[in-house]
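Hi,

Here is the structure I promised to pass on to you. Have a look at it first, and then read on for what turned up in it.

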Amino acid sequence: MPEPLSETAAICLGEAMIMLAGGPGPLEDVETFRRSVGGAECNVAGGLAALGVPTGWISRLGDDGFGQHVLRDLQARGVEVGGVELDQTRPTALYVKESADGRSRMHYYRTGSAAAAMSPEFLDRQQVRDRLMQAKLVHTTGITAAISTTSADMLERLATEPREFLLSVDLNWRPALWRDRDPAPLWRLLKAADIVLIGADEAEVFAGTGDPDELYERLGTPVLVVKDDAHQAIVLEPGGRTAVPALSVEVVETVGAGDAFAAGFLAATLQGLPMVQRLRLGHLNAAAVLTAPEDHAPPPAAAERERLLNATDEEWAATKV
């Protein structure tokens, strides 16, 4: 029998990977690497927990040292991981970050991973089913839909079966993962979600448009968040639209900022904050990650968050991070 669960407001379902960040220079010349944990859904899980939201992360990991490190890392960040299944034969995925010529390039090693073996039957595991039944919100991304056809089938089942929770999906369009595959399952997942987060630039590639109104009409989702990089984020919902400009940030690394925005927006959604404050918390959380070298970073201090969430529009616009 599984251990009794504490109340969990949010569940993040999807892939985690070990990130190996090399020193400056081309990969063939790098001798040492810095290890950390990456992956969109576990980034969001850690971000939600850091904002005080009781959060669990569900996935599959290899029963290896990298998988154990992922579990330890998320637990240390306050994320509940009792729904994770360990695979005795498939490995934990990883990716390598190469920093050369002033740019970062990612090299992914995820084919045949434990996470890619997720399937619709994974949702029948008692540890998974119990956690989904008690969640107020479940978050996933297009990356998990892309890593295998079985994981895409799992998310389609999650989205189409009767549910009590809000389903949040971040597009996270990765063309390389969909090469030679029909993205129709991803379209269906987005259209079935209650909340969709999407970048205007990736929407141009995925949907042929970054226009919020056109996207809202095509997706038909109750709440659509369109992020326009360093400019603004817009929410479209039945009650109208809300736009909040992004903060001015001295950027160190962009990887993980979208996940941090999602964590801030979803945390504020669960807290019932007004839409302007939901977008502001998304921007604040993203800014913290943009100024850090890793995929995730602690959010601004509670007092600073409270001050900026309640700032005037002029004060907000003048804020620099």
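Before we start, one term: two strands count as paired if DSSP finds at least two bridges between them. Please also keep in mind that this is a predicted model.

With that in hand, take strand β12 (residues 223–228) and strand β13 (residues 232–237), which pair in the antiparallel sense over five bridges. Which residue of β13 is the bridge partner of Val226? That is Ile234.

Both strands belong to an open sheet of eight, with mixed pairing and the order β4-β1-β9-β10-β11-β12-β13-β14. At its edges stand β4 (55–58) and β14 (240–245); each has a single partner strand, so one side of each is left without a neighbour in the sheet. On average, neighbouring strands here are turned by 15° against each other, direction ignored. Now look for helix α9 (residues 257–270): this helix lies across β1, β9, β10, β11, β12 and β13, and runs at about 150° to β11 (195–199).

There is another open sheet to find. Four strands form it in the order β3-β2-β7-β8, and its pairing is mixed too. Its edge strands, β3 (33–38) and β8 (103–109), each pair on one side only. Neighbouring strands of this sheet are turned by 25° against each other on average, again ignoring direction. Helix α2 (residues 65–76) packs on the sheet, where it touches β2, β3 and β7, and its direction makes about 65° with that of β3.

Within this sheet, β2 (residues 17–24) and β7 (residues 93–100) run parallel and are joined by six bridges. For Met19, the bridge partner in β7 is Tyr95.

Enjoy exploring!

Methods: Residues numbered from 1 in each chain as written. Predicted model: local features only at pLDDT ≥ 70, side-chain atom pairs only at ≥ 80, totals over all residues. Heavy atoms only, no water. Helix = DSSP H or I, 4+ residues; strand = E, 2+ residues; numbered from the N terminus. Axes fitted to C-alpha atoms, helices over the stretch in contact; angles between N-to-C directions. Contact = heavy atoms within 4.5 Å.
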